[in-house]
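Welcome! Take a moment to look over the protein shown here, and then read on.

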Amino acid sequence: MSVLTPLLLRALTGPARRLPVPRAQIHSKPPREQLGTMDIAIGLTSCFLCFLLPSGWVLSHPQNYKKRE
């Protein structure tokens, strides 16, 4: 790494530091209805099926993806 690298990086990132960053105006309210046990069970089950099941399949079958056909 040369001596000029920090100066170059500072020159490239300097203008971006002076830009104003807009702040989001987020206000939350309490929920209208409380979630029941069945609602939570359905949500967790669908998350498991959609995300963890396909990734588990891929991670448990690496030999199928290594083969060239």
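The report below goes from the overall fold to a pair of cysteines.

This is a predicted model, in which local features need pLDDT of at least 70 and side-chain atom pairs count only at pLDDT 80 or more, while totals for chains, interfaces and linings use all residues. Residues are numbered from 1 along each chain as its sequence is written, and side-chain values use heavy atoms, with hydrogens and water left out.

Let's start with the fold. The protein has three helices and zero strands, so its elements read α-α-α from the N terminus on. Here helices (H or I, at least four residues) and strands (E, at least two) are DSSP runs. Of the 69 residues, 1% are buried, a word that stands for under 20% relative accessible area, with exposed meaning over 50% and partly exposed in between (1.4 Å probe, protein chains only). The accessible surface, from the Shrake-Rupley method with a 1.4 Å probe, is about 7500 Å², and carbon and sulfur atoms hold 66% of that surface.

Next comes a stretch from a record. An unreviewed UniProt entry lists residues 42–60 as "transmembrane region", although such annotations may be inferred rather than shown by experiment. In the model, residues 42–60 are 100% helix and 0% strand, with 26 Å between the end C-alpha atoms.

Now for the cysteines. How many disulfides are there? The count is zero, where a disulfide is a pair of cysteine sulfur atoms within 2.5 Å. The sulfur of C47 has its closest cysteine sulfur in C50, 7.1 Å away, which is too far for a bond.

| Cysteine | Relative accessibility | Class |
|---|---|---|
| C47 | 41% | partly exposed |
| C50 | 54% | exposed |
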